[in-house]
Amino acid sequence: MSTPTLAGRLAAWFAYRLFRGPLARRSPHVHKLTMKLFRYGAERGDRAALTTYGSLLHFRGADPQSRTQGALYLQTAAEQGDAKALWLVGKFYEEGLAPFFEKDLAKARGCFQKAADAGHPLAQSYVESHTR
């Protein structure tokens, strides 16, 4: 992914507003537009779009390809330092999510530490409980 573009950031901002608004829940057309905007933002490197769209695809994707693509978007967001994405990628490594995230506890702990450093509360609890 390249450096986030202004168009990507604007698309992600607008998508997030639609996603959190009442229309997205009632209208399939608004939902479809919201997902397209998240994808547009994610493809242009916006960290928030990568995390949100990646989470939606991974946890609510219709097929295995969508879930895998979501995990890859999350990995890209984690590489940009997003705390939530770092936590989730750490969980992928901790549990093993084939084919891209083979079980690797060292990588998982590294992601958890970075997420804790970025302020993620679950990661902070995890790191605190596993350093004693």
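Reader: Where do I start? What does the secondary structure of the protein come to?

Author: Start with the overall inventory. This predicted model has eight helices and zero strands. Read along the sequence, the pattern is α-α-α-α-α-α-α-α.

Reader: How does the radius of gyration of the protein relate to the globule rule?

Author: The radius of gyration is 15 Å, close to the 14 Å that the globule rule gives for 132 residues, so the protein is as compact as a globular protein of that length. Along its principal axes, the C-alpha trace spans about 50 × 30 × 30 Å. As for burial, 43% of the 132 residues count as buried.

Reader: And what share of the contacts between residues at least 6 apart in sequence join residues at least 24 apart?

Author: That share is 45%.

Reader: Now to pairs of helices. How should I describe two that pack together?

Author: Two packed helices are described by the angle between their axes and the distance between those axes. Take helix H6 (residues 83–95) and helix H7 (residues 105–117): they pack at an angle of about 165°, with their axes 8 Å apart. Angles over 145 degrees count as roughly antiparallel, so H6 is roughly antiparallel to H7. Their crossing is left-handed.

Reader: Which residues make the contact between H6 and H7?

Author: On the H6 side you will find Ala83, Leu86, Trp87, Val89, Gly90, Lys91, Tyr93 and Glu94. H7 brings Leu105, Lys107, Ala108, Cys111, Phe112, Lys114 and Ala115. Sorted by class, this contact has ten nonpolar, one polar and four charged residues.

Reader: Let me try the next pair. At roughly what angle do H7 and H8 cross?

Author: H7 and helix H8 (residues 121–130) cross at roughly 120°, and their axes come within 8 Å. The two helices are therefore oblique to each other. H7 passes H8 in a left-handed crossing.

Reader: Which residues of H7 and H8 meet?

Author: Arg109, Phe112, Gln113, Ala115 and Ala116 in H7 meet Ala123, Gln124, Tyr126 and Val127 in H8. The classes here are six nonpolar, two polar and one charged.

Reader: Can we visit another part of the chain? Where is Leu57, and what does Leu57 touch?

Author: Leu57 lies in helix H4 (residues 47–60). Its relative accessible area is 12%, so Leu57 is buried. Setting aside neighbours within four places in sequence, Leu57 is in contact with Ser66, Arg67, Gln69, Gly70 and Tyr73. The C-alpha atoms of Leu57 and Leu74 are separated by 9.7 Å, although these residues are 17 apart along the chain.

Reader: Ser66 is on that list. Which helix holds Ser66, and is Ser66 buried or exposed?

Author: Ser66 belongs to helix H5 (residues 64–79). With a relative accessible area of 19%, Ser66 is buried. Not counting residues up to four places away in sequence, Ser66 touches Leu57, His58 and Gly61.

Note on methods. Residues numbered from 1 in each chain as written. Predicted model: local features only at pLDDT ≥ 70, side-chain atom pairs only at ≥ 80, totals over all residues. Heavy atoms only, no water. Axes fitted to C-alpha atoms, helices over the stretch in contact; angles between N-to-C directions. Helix = DSSP H or I, 4+ residues; strand = E, 2+ residues; numbered from the N terminus. Parallel < 35°, antiparallel > 145°, perpendicular 65-115°, else oblique. Left-handed = near helix turned anticlockwise from the far one by under 90°. Contact = heavy atoms within 4.5 Å. Nonpolar A, V, L, I, M, F, W, Y, C, P; charged D, E, K, R; others polar. Rg over C-alpha atoms; globule rule 2.2 N^0.38 Å. Buried < 20%, exposed > 50% of the residue type's maximum accessible area, 1.4 Å probe, protein only.
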